[in-house]
Amino acid sequence: MKKWKATVLLTIVLVITAILTAMAFARFPIGTKDFNGFLGAIETDYDLSGGTAYTLTLDKDNTEDVEDVSEVINTLKYRLDLLGYENYSVKAIKNVDDAVKDYDIRIETRGNVNKYGEIDKTALAQDIAVAAAYGELTFYGGTSENPTEKVLTAGKAVSDASYGGATTNGSETYYIINITFSDYGYNELKTLIGNGTYYLRIDVGEKSLTGTAGLSISASTFSKNYTLTTTAGEAAARQFALQIKTGGLAYKYNVSDGADVSSPLGTSIELKSILVIAALTVAAIVAMFVLDKKFGVVYCLSTVLFVDLFLFMLIAIPGIKVSFGGVIGFALAVILTFDGYIITSKRIKEEFARGKTVKSAVRTGFMRSLAPIAGTAGIAIVGALILFALAGGSVKNFAVIFAIGAGVSVVTTLLFVRMFCALILPLAEYKESFFGLKRIDVAGEKGEQI
């Protein structure tokens with residue numbers, strides 16, 4: 001490539017890079033609103049930014065002490081998992097009043113960001129109320145309306161339940177609950193139904209989902225997947241579905257108003273995490289300048305685009321909320337990227353040491369680095385996907401962020417580095433000093449000059 005052409009293209013790329021970097025980090029007003037950069041738009045989780053705390057206090061109507069508070073906590077955690085919360089704290093707290101034997105339960109987590117870029121505390125409060133909903137699942141059945149005989153074992157009868165959205169019939173809106181009966185529940189009901197008409201009543205706590213008369217079902221209409229509707233509203237339908245799937249909370253708790261809490265990892269942990277990643281990135285760039293002399297500028301510019309693209313992906317992919325596990329994933333993605341730089345640099349030096357010209361060594365070095373870089377990133381992504389499937393909480397968040405970072409790393413080392421190399425080397429006139437290259441035997445055993 002001719003120098004003037006390389007100069008023009010490099011100038012264009014540098015201007016685009018500068019704009020992207022400004023969009024990633026700078027904050028500036030746009031009309032009546034402020035642009036906070038990609039970094040400011042990234043949604044962080046409870047362990048980095050703090051969240052909202054709710055205290056569950058045992059209702060005075062309970063006549064018995066809680067026998068196993070761990071079971072209550074496990075049910076609450078299971079429900080929060082099903083509601084999509086990955087990072088939270090649920091713990092029992094002894095009441096300061098010695099006369100009170102039972103524990104309070106404290107839930108801390110962070111809500112989702114609404115369309116205005118603010119934490120939706122109303123939706124969070126509704127989810128906490130759903131998670132703490134009281135009422136056990138009970139089935140009643142009989143051959144006539146208003147059945148009162150208990151049938152099925154509630155904990156074994158249903159294998160799944162979910163909220164199915166809303167439907168409108170005239171002026172009335174109905175909210176759908178999908179129930180999947182277990183093999184036990186399905187076979188037991190088929191036997192009870194027989195060849196006639198059977199009435200099935202489903203209650204959750206003190207509320208009947210089917211009405212006291214029950215549902216009229218027959219052998220020809222009954223299946224493992226059953227659909228119920230309620231007019232109680234979306235929040236109630238989601239609550240019913242969760243209670244049906246997870247089993248009833250055996251004790252009734254009152255939920256306090258939410259109170260803001262800081263990160264459990266300490267103050268300013270979000271800022272400290274950013275500074276650690278920035279320090280790691282700068283240290284790696286400095287190391288590349290030490291190893292590759294002036295050629296380190298190629299890796300430096302590539303790293304700027306790597307960070308810009310990584311931050312953009314974290315806000316472009318919906319549903320991503322960065323936790324401390326995600327910070328570790330980001331840091332490992334940076335390390336993976338610089339491992340790719342080292343592989344590329346080593347291959348170029350090996351080709352030059354074998355007697356090739358700088359231009360030929362660069363071209364062949366890139367070709368030889370393709371397989372190991374892509375292979376390493378592929379293994380990293382597969383490992384992250386396995387973690388995502390098997391783990392939860394911060395480990396799951398680590399897997400997501402690291403998988404994204406591994407993908408961006410491949411683009412950086414195989415595309416950005418090559419692009420900057422193609423634009424800068426003609427300006428450096430392919431001089432050996434730009435690379436710090438020497439004609440030394442790559443085997444290194446004899447140290448002979450070639």
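Predicted model: local features only at pLDDT ≥ 70, side-chain atom pairs only at ≥ 80, totals over all residues.
Residues are numbered from 1 along each chain as its sequence is written, and side-chain values use heavy atoms, with hydrogens and water left out.

Trainee: Which residues have the most contacts inside the largest nonpolar core?

Mentor: A nonpolar core is a set of buried Ala, Val, Leu, Ile, Met, Phe, Trp, Tyr and Cys residues joined through side-chain atoms within 4.5 Å; buried means under 20% relative accessible area, with a 1.4 Å probe and protein chains only. The largest such core has 56 residues, and those with the most contacts inside it are Phe-310 and Leu-314.

Trainee: Which element gives the largest share of this core?

Mentor: Helices are DSSP runs of H or I with at least four residues, numbered from the N terminus. Those that give two or more residues to this core are H1 (3-25), H9 (269-292), H10 (296-316), H11 (324-353), H12 (358-390), H13 (393-424) and H14 (432-435). The largest share, 14 residues, comes from H13.

Trainee: Which residues does Phe-310 touch, not counting residues up to four places away in sequence?

Mentor: Contact means heavy atoms within 4.5 Å. With that sequence exclusion, Phe-310 touches Phe-330, Ala-333, Ile-401, Ile-404, Gly-405 and Val-408.

Trainee: Which element gives the most to the lining of the largest pocket?

Mentor: On a 1 Å grid over the protein atoms alone, a pocket is an open set of points with protein on both sides within 12 Å along at least five of seven lines, and lining residues have an atom within 4 Å of a point. The largest pocket has a volume of about 640 Å³, and of its 27 lining residues the closest to its centre are Phe-25, Leu-39, Ile-42, Ile-274 and Leu-311. Two or more lining residues come from each of H1, H2 (37-41), H9, H10 and H11. The most, eight residues, is given by H9.

Trainee: Which element supplies the largest share of the lining of the largest cavity?

Mentor: A cavity is a set of grid points where a 1.4 Å probe fits but cannot get out. The structure holds one cavity of 30 Å³ or more, and about 50 Å³ of space lies in the largest cavity. Its lining includes Asp-339, Thr-376 and Ser-409, and H11, H12 and H13 each supply at least two lining residues. The largest share, four residues, comes from H11.

Conventions. Buried < 20%, exposed > 50% of the residue type's maximum accessible area, 1.4 Å probe, protein only. Points joined across faces, edges and corners; volume = space filled by probe spheres on them.
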